[in-house]
Amino acid sequence: MKKANQVIITDRKMWKDYVLLSLKSPQIASKALPGQFIMIRITPHSYPLLRRPFSIHAVEGESIAIFFQKSGIGTNILGLRKIGEMLDILGPLGNGFGLKGDFSHKKTVLIGGGRGIAPLFFLANSLADRKAEIRTFYGGKTSYDLPLKENFEANGLKVFCSTEDGSLGYKGLITDYFNLEMRQFRPDRIFACGPDAMLKTIADIAAIENIPAELSLESIMGCGIGACWGCVKRLKKDGVTGWFRICQEGPVIPADQIIWAEKDK
Amino acid sequence: MTDLSIDLGFMKLKNPVIAASGTFGYGIEFAPFIDLNHLGGFIVKGLYYSSREGNPPPRLVETSSGLINAIGLQGIGVKRFSEEILPCLIDYDTSIIINVCGEHEDEYAAVVDLLNHQPGISAYELNISCPNVKKDGKCPALDPETTYSVVKLVKKSSTRPIITKLSPNVTDITEIAFSAQEAGSDAVSLVNTFLAMAIDPNTRKPKLANILGGLSGPAIKPIALRMVYQAAGRLKIPVIGMGGICTGGDALEFLIAGARAVEIGTANFIDPEATVKIIDELDNFCRERKIGKLETIIGTMK
């Protein structure tokens, strides 16, 4: 039987609005695939009530890590949890990035917008093990929104940064930067995670250039296990168009299956 | 060994803990997490005759100790359910209850007609109380006469017991519950969710695409308990209580107030093992107090 587990927080790094937590969980570390997520119970009490979903950011030995932005009541309380404290987690859940086939020397682009960088570190390390030629694009509003740049570089991963205010790297949107760089480095595969508007632009580029792209979608989740039907996005899958549960079909979805909402256009 | 079994008259349960419709998928979603055989029963997600698309997202918003949902009863329809899902469920040794929905009276009857021919079903729960299907939150359970008429019609078509699920969005819950009883319902279950909403003050937009949704979770428990207490006091048929139950203690409150069984809803989202943990807690409660039969505690408020 799959069970929620009490795990210990073994490390915590904090930036202005962002937090990186390491959790000792041999059970999840041994099974997790890049792009999968866990559900964390913020408190044992009734407020905040629901678990929150977090992409698995890294797997190292018996530990996993999550990376998040403090943006609401749940993530703000989670950001206060200290090393040595216990967390109730459920996972790994969902379907990760498609890593079947040969990635050796394949040109692979990873694009993360803000906190959307979270699943891409685990993915980049897995792709590096598969000898892929990786370029990671990492965009945010300001340099404060790119705290993980050094972590990628420390693992020998090339990072192309952009900020909307120009405080670090290319000035503008990460999608514009990627579009520009693509002239020299046309990827065989694209993997991305970030705000819907960013993902929509990437899906458009991928469609025009005919490059397979997989996007990790964010959604408000009630349970993470397919019971509540709250986390739906509109997809066209196997000829059927409708609301599909992101926790079951995703969170990683092939870009050409996603039907974007009017507000993302 | 405590005897946790409950006799509803028309149906025996191995314990009073039933997973609530809409929070338990079609049941099989929970098989990786718990042994479904341990449950008193489970009620599958509401089924219309045809498949149903549901509402656009956002469908969920969390509020203080509560959850507002406007899923809109997305589902595969009763035909596909009978062919694809039901065969996977019927070997479980627990009471399988089907939540029956309808746009109009005839659709309720059509769903029941189709299910009558299927094996392995213990009862139907008649969903006349979902607040997020119609834009204005309207449903048959808001009116005693409509309640009477739907229950009467479905009871006539049904070869199985009927549990009518009631809405709390009424002035007097006992009046609607009494109508269901008079129309021949074998039991009532209450409460469904409270019609509710939330707004983002920064954008001034509603937090649900449907604007209105149904509030569930611990936030509603005291009001749900009061309604169960009132309904149980007036009815001859059994009352199944629900509303924010998360622990064995919560479940005991409903039983003591007069409910003969309980449904566990939102708690399933927080902990997939919630139902079996509540059963264990009920067992421990009885053992510690040397209560041989849990049923003897029902309606014993001092």
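Predicted model: local features only at pLDDT ≥ 70, side-chain atom pairs only at ≥ 80, totals over all residues.
In chain B, eight strands form a closed barrel in the order 3-4-7-8-9-10-15-16, with parallel pairing, and the twist from one strand to the next averages 25°.

Helix 8 lies across strand 3 (17-19) and strand 16, at about 170° to strand 3, whereas helix 6 lies across strand 15 and strand 16 and runs at about 145° to strand 16. Because seven of the 10 residues of helix 6 (residues 248-257) are buried, this helix is largely enclosed by the rest of the structure. The buried residues, among them Leu252(B), Phe254(B) and Leu255(B), pack against helix 5 (221-234), strand 15 (239-242), strand 16 (261-264) and helix 8 (274-288) of chain B. Just after helix 6, Gly258(B) adopts a positive phi of about 125°.

A search of the whole structure returned one cavity of 30 Å³ or more, and the largest cavity has a volume of about 490 Å³. Of its 34 lining residues, those closest to the centre are Ser21(B), Thr23(B), Asn69(B), Asn192(B) and Thr193(B). Strand 4 (41-47), strand 6 (66-69) and strand 16 of chain B each contribute at least two residues to this lining, which by class comprises 14 nonpolar, 17 polar and three charged residues.

Notes. Residues numbered from 1 in each chain as written. Chains lettered and ligands numbered in written order. Heavy atoms only, no water. Buried < 20%, exposed > 50% of the residue type's maximum accessible area, 1.4 Å probe, protein only. Helix = DSSP H or I, 4+ residues; strand = E, 2+ residues; numbered from the N terminus. Contact = heavy atoms within 4.5 Å. 1 Å grid on protein atoms, 1.4 Å probe; cavity = no way out; pocket = protein on both sides within 12 Å on 5 of 7 lines; lining within 4 Å. Points joined across faces, edges and corners; volume = space filled by probe spheres on them. Nonpolar A, V, L, I, M, F, W, Y, C, P; charged D, E, K, R; others polar. Pairing = 2+ DSSP bridges. Axes fitted to C-alpha atoms, helices over the stretch in contact; angles between N-to-C directions.
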